[in-house]
Amino acid sequence: MATVLVVEDDEFVRSAIIRDLTGRSHAVRSAGRALDALREIAHVAPDVVVLDLGLPDLDGAEALKMLRAISDVPVIVATARDDEAEIVRLLRDGADDYLVKPFSGDHLNARLEAVLRRARPGAPSPVARVGGLVVDADRREARLDGAPLDLTRREFDLLAYLAARPDRVISRRELLAEVWRQSYGDDQTIDVHLSWLRRKLGESASRPRYLHTVRGVGVRLSPPAEG
């Protein structure tokens, strides 16, 4: 069972989704406006959000950006806009998955289960230690030289994936598939997150300590060289 926040302004559609998810033993909360949804997320902390894009007070794409500023909760975008370029943009802006309307209750529930599996760790994972970097995947905590790192959910997922494979060059395609759970996209999304992560690790692409770019191949996380 999960706590699901349904953000949908159409009362008929919202009621149908709530009825279906409740019948599947989920705890469901709802909002018909973007600002009401942001307040719910700040106070209730749902396990997953189903976000409609056609909201009366704020476009759902803008609501997604505001949501990502306050929470790392998984978001499934529900949209009638079957446009690949826009879907790619939404995924880059922080959506975890999307559904094109109309969709069935079975389809929505399958997507919910998928994002929840990714958000909730399964079998215990070992703590990764690379030089002064310690990444605890189960507790979702990372420390550098004993100091905690303030990472977003995606930054942590990226760091944890690399730290679990030290000294191995990971291709951008693999990162896109395993961290972003996307089968398509470009390198810009990964490069931006690597840049943010480097900043928090106190390094830069020109003066790397942990994150080393292998041109034309991918990225490698290794302990700093001695001296």
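Visitor: Hello! Is D145 buried or exposed?
Guide: In this predicted model, whose residues are numbered from 1 along each chain as the sequence is written, local features need pLDDT of at least 70, side-chain atom pairs count only at pLDDT 80 or more, and totals for chains, interfaces and linings use all residues. Side-chain values use heavy atoms, with hydrogens and water left out. Buried means under 20% relative accessible area, exposed over 50%, and partly exposed in between (1.4 Å probe, protein chains only). D145 has a relative accessible area of 57%, so the word for D145 is exposed.

Visitor: Where does D145 sit?
Guide: D145 has a positive phi of about 55° although it is not a glycine. Helices (H or I, at least four residues) and strands (E, at least two) are DSSP runs, numbered from the N terminus. In those terms, D145 belongs to the loop between β8 and β9 (147–148).

Visitor: And what is the relative accessible area of A45?
Guide: A45, also not a glycine, has a positive phi of about 55°. Its place is in the loop between α2 (34–44) and β3. A45 is exposed, at 55%.

Visitor: Which backbone nitrogen does the D52 side chain reach?
Guide: D52 lies in strand β3 (residues 48–52) and is buried, with a relative accessible area of 6%. Counting contact as heavy atoms within 4.5 Å, D52 touches V7, E8, D9, G60, A78 and K101, leaving out residues up to four places away in sequence. At 3.4 Å, its side chain reaches the backbone nitrogen of G54.

Visitor: What is the omega of the peptide bond from K101 to P102?
Guide: P102 is in the loop between β5 (97–100) and α5 (105–119). The bond from K101 to P102 is cis, with omega near -5°.

Notes
A polar contact is a pair of N or O atoms within 3.5 Å; within protein, one must be able to donate a hydrogen and the other to accept it, and residues adjacent in sequence count only if both atoms are side-chain atoms.
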